[in-house]
Amino acid sequence: MDSLPKGIKGIIGPSILNADLSKLTDESRRLLDAGADYLHLDVMDGHFVPNLTIGHPVIKCLRKNIPKVYFDAHMMVAKPEQWIEEMAGAGVNQYTFHIESTTKESMPEIIRKIKEVDMKVGLGIKPKTDISVVEEYINDIDVVLIMTVEPGFGGQKFMGDMMEKVRWLRKTYPQLLHIEVDGGVNMKTSDDCAQAGANMIVSGSALIDSKQPDKDIEQMRNLIDENLRSKKLHLQITNNEHCSH
Ligand code: DX5
Ligand code: ZN
């Protein structure tokens, strides 16, 4: 996919954090050829999280090799306002920053700047953050990212109790936007995410280490679509599209 779907449906975005980063393009192509819908790119600055990964120069090179695919930049950085133009210039489609990395006062300006450079707005919340903090921004954003691990590393254990947040968000705003989950999502836990109402699945080590990534991606997507159908939400147009920027 090269843009977010207009309606709510299952989309799978591998995180390439645990891939062989010296072969970033090959690894990304391998997962896209296996049926992945988008790429989840974990950007860590060593301040917001205790790890250091890739920045816009690397993403720009990846974009040259993979021109069309939707790039979701998961910005685990202390100053989200600092990298907006650079990431847009590198070809990022979705700028997913953390509500814990900024202040209430700065939020409207950050969201405005992201839209100004034509990226979708993703708002991420860490496990200890209450879901209610995203409510006042719901009409201005495209995606809520619910972390199911403490951000900073791949390969961690899935936190099942985060599904409460997904259930609450899907129930309270059934058609409002895309709900993304990230951290420890594998074949088993992807079912928990689907049942709770998530529709965007990030999966790192489970898909990278999989012997059959094509079958796993398809199964994850089918689980979500089945659950959305059972909730009569599948491909329902998201309200945000009616008022999209
Ligand atoms: C963690 C990152 C995740 C992580 C996912 O901070 O945001 O995207 O790489 O990898 P797994 O699925 O292995 O937890
Ligand atoms: Zn991530």
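At what angle do helix α1 (residues 24-33) and helix α2 (residues 56-65) pack, and how far apart are their axes? In this predicted model, local features need pLDDT of at least 70 and side-chain atom pairs count only at pLDDT 80 or more, while totals for chains, interfaces and linings use all residues. Residues are numbered from 1 along each chain as its sequence is written, chains are lettered from A and ligands numbered from 1 in the order in which they are written, and side-chain values use heavy atoms, with hydrogens and water left out.

Helices α1 and α2 pack at an angle of about 55 degrees, with their axes 10 Å apart. Helices are DSSP runs (H or I, at least four residues) numbered from the N terminus; axes are lines fitted to C-alpha atoms over the stretch in contact, and angles run from 0 to 180 degrees between N-to-C directions. The two helices are therefore oblique to each other (angles under 35 degrees count as roughly parallel, over 145 as roughly antiparallel, 65 to 115 as roughly perpendicular and the rest as oblique). From α1, Leu24, Thr25, Ser28 and Arg29 are in contact (heavy atoms within 4.5 Å) with Val58, Leu62 and Asn65 of α2.

The zinc ion (ligand 2) is coordinated at 2.1 to 2.2 Å by His40 (NE2), Asp42 (OD), His74 (ND1) and Asp182 (OD). Donors are N, O and S atoms within 2.8 Å of the metal (3.2 Å for Na, K and Ca), and water is not among the atoms, so sites may look incomplete. Along the chain, the donors of the zinc ion (ligand 2) follow the spacing H-x1-D-x31-H-x107-D. The site is octahedral, with angles of 74 to 174 degrees among its six donor atoms (six donors count as octahedral if opposite donors are over 155 degrees apart and all others between 65 and 115).

Note on methods
Four donors count as tetrahedral if all angles lie between 85 and 135 degrees; four count as square planar and six as octahedral if opposite donors are over 155 degrees apart and all others between 65 and 115; anything else is irregular.
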